[in-house]
Amino acid sequence: MSVSFRIGIIGSGTAGPAAAIFLARAGHEVTLFERAEKKLSVGAGFLLQPTGLAVLHQLGLSEALLPHIAPISKLYCRTQSGRVLLNLPYTELGQDLYGAGTHRATLLDVLLSAAESAGVAIHWNTEMRRLSRDPSERPVLHDQYRQTHGPYDLLLICDGAHSTMREQSGVPAKVSRYPWGALWFMGERTPDFDPQVLWQCVGSTRELNGYLPTGTRNDLLSLFWSIRIDQIPAWREGSLNDWKQQVLRLTPQAESFLNQIESHQQIATAVYHDVRMKQWHGNRVALLGDAAHALSPQLGQGVNLALMDAACLAETLQQHPLEDALGQYSKRRRQHLRFYQFATRWTTPFFQSDWLPLGWIRDAVFPIVNALPVLRREMTATMAGGKTGPFSRLPQAQIPGRPPESRL
């Protein structure tokens, strides 16, 4: 590439550091700004899908992450009565495919270390408050200390679903908060849970409990409990033992694991947003990750989509002039992102909502769908992150670094 750009990136979640590595290695001058005072071990466990793992493979970081993951062989979900709703092994798609349970802080450590090695300038405790333009329409950033940064040839907004800069980007967006969120706890895995299975149990549409092996050298397990956002204050004031009994009604084998929880303070809460945009670029600006397309966590695609955003943007900048590259970025990501936004909105009410009849429909229909090989394979491909439509998938060229033997 003959043209080098000065690039500013706001946000150090997943998309920001990943994009920074790609672009710095391509010869651009990259500066990453993060409002947190320092790198913190925050966040819960999450599942990296084959698509996200393929991007890490392209970055040369999969080996660094490998000691800190739990290889996940399948998703298993049943009802409180024991009826199997979903049993989706990755072997439906290829013998070598798997998911990777790990911790957000672990992935962030790997990404930031690689970003620093690539020459990215990282500024902590720097919150951007305003976006302006110089006479050439290049973005200029203004932080909380009234200092200016830039101008930049390109600005990447990667500061999450709660983005403070999205409205100033000039790219229209619709943002709403899901009424349902989650309680998260991460502790040492007990023998009651398979170290290679993402295990879930549902009651009504108001009750969902999940357990994800989260890897790291300590063999951790992440608990997920669905809860309405407006009920979190009452839960904080309520009896911890009463809540544990609710969990045990769905998951009796969790008793030993729950013994690690002694106070409400050990449990984190998560709120989720829905972000809709017709395109993910503007004038010398692109949006990546949750800032561009935040979803409910039901399909577990947030981190994977963010990694693919970063890979796609870097590739288009390699292949096209800046203005054309940003348009190509939105074009190439559109079908993939639209499918997962639609699929998440369609699926979530069956698992997290006050519409109880949807639970009856779910419990009747999902076992039938799961029993049909063709439909089970499509559901597994959806979980793996490679779908663009009900019966269509990403072209091989659009899955960065995908090993030839993988078939999503």
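**Helix packing around α9**

I started with α9 and α10, which are roughly antiparallel to each other (angles over 145 degrees count as roughly antiparallel, under 35 as roughly parallel, 65 to 115 as roughly perpendicular and the rest as oblique). This is a predicted model, where local features need pLDDT of at least 70, side-chain atom pairs count only at pLDDT 80 or more, and totals for chains, interfaces and linings use all residues. Residues are numbered from 1 along each chain as its sequence is written, and side-chain values use heavy atoms, with hydrogens and water left out.

For the labels, helices (H or I, at least four residues) and strands (E, at least two) are DSSP runs numbered from the N terminus. I looked up the axes of α9 (residues 302-319) and α10, and they come within 8 Å and cross at roughly 150°. Those axes are lines fitted to C-alpha atoms, for helices over the stretch in contact, with angles from 0 to 180 degrees between N-to-C directions.

Next I checked α1 (residues 15-25), which packs on α9 at an angle of about 30° with the axes 8 Å apart. α1 and α9 are therefore roughly parallel to each other, and their crossing is right-handed. From α1, Ala15, Ala18, Ala19, Phe22 and Leu23 meet a set in α9 that includes Ala306, Ala310 and Leu317. I get eleven nonpolar residues there, no polar and no charged.

Then α2 (residues 50-59): its axis and that of α9 come within 8 Å and cross at roughly 40°. The two are therefore oblique to each other, and this crossing is left-handed. Thr51, Gly52, Val55, Leu56 and Gln58 in α2 meet Asn304, Leu307, Met308 and Ala311 in α9.

**α10 by itself**

I put α10 at residues 322-347, so named, with 26 residues and 37 Å from first C-alpha to last, close to the 38 Å expected (1.5 Å times one less than the number of residues). I also found a kink of about 45° centred on Arg334, the bend being the angle between axes fitted to the seven residues ending there and the seven starting there.

Most residues other than glycine have a negative phi, and most peptide bonds are trans. I noted that Glu137, not a glycine, has a positive phi of about 70°; Glu137 is in the loop between β9 (128-133) and β10 (139-143). The Gly150 to Pro151 peptide bond is cis, with omega near 5°, and Pro151 is in the loop between β11 (148-149) and β12 (154-157).

Conventions
Left-handed = near helix turned anticlockwise from the far one by under 90°. Contact = heavy atoms within 4.5 Å. Nonpolar A, V, L, I, M, F, W, Y, C, P; charged D, E, K, R; others polar.
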